[in-house]
Amino acid sequence: MKNISSVLLISALAFNQSCTTMKQTDIQQELPAPDPSLSSNPFMKKSKLQYEAPEFDKIKNEHFKPAFEYGLKQHEAEIVKIANNPAAPTFENTIVALEKSGEVLRRAQIVFSNLTSANTNPTLQALDEEFAPIFAAHSDKLYLNENLYKRIQAIKEDGLDSESKRLVQYYKQNFEIAGANLSAADKEKLKQINQELASLSTQYANKLLEARKQGGVFFSDAKELDGLSADEIAAAAADAKTAGQPGKYLLALQNTTQQPLLQNLKNRATREKLFKASWTRAEKGDANDTRSTIEKLAKLRLKKAQILGKKNFAEWKLQDQMAKTPEAATNLMNQIATPAVKTARREAKDIQDLIDQQKGGFKVEPWDWNFYAEQVRKAKFDLDESEIKPYFEITTVLEKGVFFAAEKFYGLTFKKRTDLPVYHPDVVTYEVFDHDGKSIAIYYLDFYTRDSKNGGAWMSNFVEQSYLLGTKPVIVNCYNYQKPAPGKPSLISYDDVSTIFHEFGHSIHGMFASQKYPSLSGTNVPRDFVEFPSQINEHWALDPVVLKNYAVHYETKQPIPQALVDKIKKASTFNQGYMTTELVSAAELDMDWHTVSNDSQFIPVLDFEKQSLTSHGFNLATVPPRYHTPYFAHIWGGGYSAGYYAYLWSETLDNDAWEWISKNGGLTRENGDRFRKYILSVGNSVDLNQAFRDFTGHDPDIKPLLRNRGFIK
């Protein structure tokens with residue numbers, strides 16, 4: 001996942017406040033003279049660390065608010081100067097000036113957004129709620145600034161290079177999508193809605209973080225955890241002690257519906273308890289219940305879209321995406337949903353047959369699926385997850401797998417750094433070097449779950465690449481793996497291995513950014529393209545050369561046996577009906593929430609979800625959506641509203657491009673250089689549909705995706 005929060009629209013367009021009437025000199029007089037507290041504030045000047053990496057050893061909670069306040073005023077002054085410039089508008093005095101503006105605010109916001117996702121605390125949460133509407137108002141006053149919009153409209157593209165032309169078009173489109181053409185009265189309505197949406201989205205995120213924390217399940221007897229390893233039980237005991245209940249065992253929740261430990265827990269009552277804790281975490285009628293917040297968000301998004309001249313929120317949101325329309329996105333999802341559900345029904349029968357053979361005496365439920373699916377897989381493919389895990393130690397996967405593939409395909413090398421300050425002791429840091437030995441990026445990794453961290457896995461930038469600003473990428477990947485007991489190895493599943501490769505795909509997209517302008521740089525691309533580089537990178541996890549290099553037994557140091565590799569490959573399409581159905585059902589649910597065109601269509605959250613799933617044929621009670629509406633953070637707090645389909649759209653691109661790579665030599669530097677040239681290094685500076693055609697020689701084809709998931713031959 002590429003993390004893009006509502007606050008973190010911090011390219012040159014996230015100006016968050018502007019003014020159309022005050023003179024520049026008036027604004028400058030109101031700027032506070034730096035006082036001692038500001039002069040020592042680390043956000044007031046560029047970091048002295050390599051590539052302007054954040055000075056986490058200096059950054060304190062109390063630095064954010066004054067940096068925000070000063071940064072907003074400074075940025076406002078810059079915007080007023082640009083908007084009211086008496087000189088004729090030019091690319092340099094308008095667009096380039098905008099790209100350079102907001103330096104202090106950008107630095108403070110980008111660190112703040114990352115910390116509120118990865119290592120928050122009550123002070124940061126309170127600041128987030130306080131400033132979310134302020135930042136939204138700031139952005140509106142920029143985009144709805146009539147003088148500024150007129151200047152942008154007047155800029156001539158003649159004589160500009162291709163990236164500069166693209167940037168002008170990008171600005172014009174963003175201003176128009178944001179409502180620059182609205183009447184004065186509608187602009188005022190929109191400003192109010194955007195501030196309310198920002199506040200609600202932040203409230204939702206804070207509620208959900210606490211709901212996940214409070215939703216963990218305590219057990220009194222280790223026997224209830226039968227099936228977990230000794231290390232996992234020890235970790236559960238340590239977590240319970242940390243949570244103030246020594247002598248018990250805590251199974252914390254991860255962000256998805258299904259919980260990873262369900263496939264190992266033998267006690268059916270324990271499985272049911274854990275699943276239901278996950279499913280109901282944010283619908284308990286307490287302070288962390290998200291349902292009323294969701295209903296308000298959905299209604300306000302519809303109101304916003306209609307003010308902007310669209311019939312629903314999805315129609316407004318998809319204007320600048322590759323899909324363009326909700327209909328195009330839904331058409332793709334429907335092509336995938338039908339074979340996915342059909343396959344899932346066959347898989348459910350296999351599981352029920354196994355339960356009956358074992359004389360279980362019950363019908364399979366959602367909390368049973370992963371436990372029995374693992375047994376079916378073992379029976380069909382002689383593959384046991386516990387047999388695989390010892391070969392997947394997390395640091396070895398990273399350095400000997402992910403980094404190794406990047407070296408073979410792109411020529412990259414990595415050097416661990418221990419001299420750079422980090423925001424949490426678990427974070428590790430690397431410097432990244434290109435094929436010619438030149439340093440190109442700083443890369444942070446944050447592997448383990450904690451109460452102060454949002455669920456899931458994501459990539460973010462601390463610093464974005466820009467030749468104009470003279471900056472190189474500083475990137476972080478965050479995960480939520482269970483931290484092992486002290487002195488024990490961190491062993492992960494093959495799915496977790498795929499996630500590390502996936503998130504690194506986002507990171508390498510950012511590392512290879514090669515743009516002049518920050519707004520077009522790296523991963524600042526449409527949502528339904530941004531997952532393409534990450535998803536295609538997952539394929540390297542099973543490449544024979546790569547797998548042999550990193551799949552090494554943590555104790556014996558022996559490489560994974562070929563017989564076990566063969567089993568993993570043969571089982572690669574196992575359970576794909578289930579996994580695809582839970583993904584596409586969540587995507588269809590998201591689209592239904594955002595294609596409502598009349599308030600009367602909104603009904604209570606749980607009823608709406610049931611109606612949506614049934615209408616699309618997702619009536620397998622045993623296959624719930626990957627995210628239940630109350631904790632669907634991607635769409636209510638994570639920037640993927642009307643955009644969760646993007647994973648499937650991008651996967652269509654990914655599988656098609658992977659077939660091209662496979663047919664043209666696979667893991668070669670020539671292929672890596674080609675993928676870097678046409679896909680990874682272009683940012684949003686070119687037509688991305690054309691970029692895909694340039695790489696593969698044809699338009700995207702859905703059949704490779706269906707083949708990869710085992711739905712067609």
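Modeller: In this predicted model, both Trp 593 and Phe 608 are buried.

Biologist: How should I read the geometry of a ring pair, stacked or edge-to-face?

Modeller: Look at the angle between the planes: under 30 degrees counts as stacked, over 60 as edge-to-face. A search of the whole structure finds 54 aromatic pairs. In one of them, the planes of Tyr 444 and Phe 462 stand at 75 degrees with ring centres 5.5 Å apart, so this pair is edge-to-face. Tyr 444 belongs to strand S5 (residues 439-448) and Phe 462 to strand S6 (residues 458-463), so the pair ties together parts that are 18 residues apart in sequence. Tyr 444 and Phe 462 are both buried. Trp 593 and Phe 608, in contrast, are stacked, at 25 degrees between the planes and 3.9 Å centre to centre.

Biologist: Which residues do ring pairs link into a cluster?

Modeller: Phe 43, Phe 64, Phe 68, Phe 112, Phe 131 and Phe 135.

Biologist: Where does the charged end of Arg 268 sit?

Modeller: Over the ring of Phe 362, 3.7 Å from its centre. Arg 271 lies over the face of Phe 371, at 4.3 Å from the ring centre.

Biologist: Phe 371 is among the buried residues of H15. Against which helices do the buried residues of H15 pack?

Modeller: Against H11 (268-279), H14 (326-357), H16 (385-388) and H22 (576-594).

Biologist: Where is the kink in H15 centred?

Modeller: On Tyr 372, with a kink of about 25 degrees. Helix H15 (residues 366-381) still reaches 23 Å from its first C-alpha to its last, close to the 22 Å expected.

How values were computed:
Residues are numbered from 1 along each chain as its sequence is written. This is a predicted model: local features need pLDDT of at least 70, side-chain atom pairs count only at pLDDT 80 or more; totals for chains, interfaces and linings use all residues. Side-chain values use heavy atoms; hydrogens and water are left out. Helices (H or I, at least four residues) and strands (E, at least two) are DSSP runs, numbered from the N terminus. The expected span of a helix is 1.5 Å times one less than its number of residues. The bend at a residue is the angle between axes fitted to the seven residues ending there and the seven starting there. Buried means under 20% relative accessible area, exposed over 50%, partly exposed in between (1.4 Å probe, protein chains only). Contact means heavy atoms within 4.5 Å. Rings of Phe, Tyr and Trp (its six-membered ring) pair if their centres lie within 6.5 Å; planes under 30 degrees apart count as stacked, over 60 as edge-to-face and the rest as tilted. A charge sits over a ring if NZ of Lys or CZ of Arg is within 6 Å of the ring centre and within 35 degrees of the ring normal.
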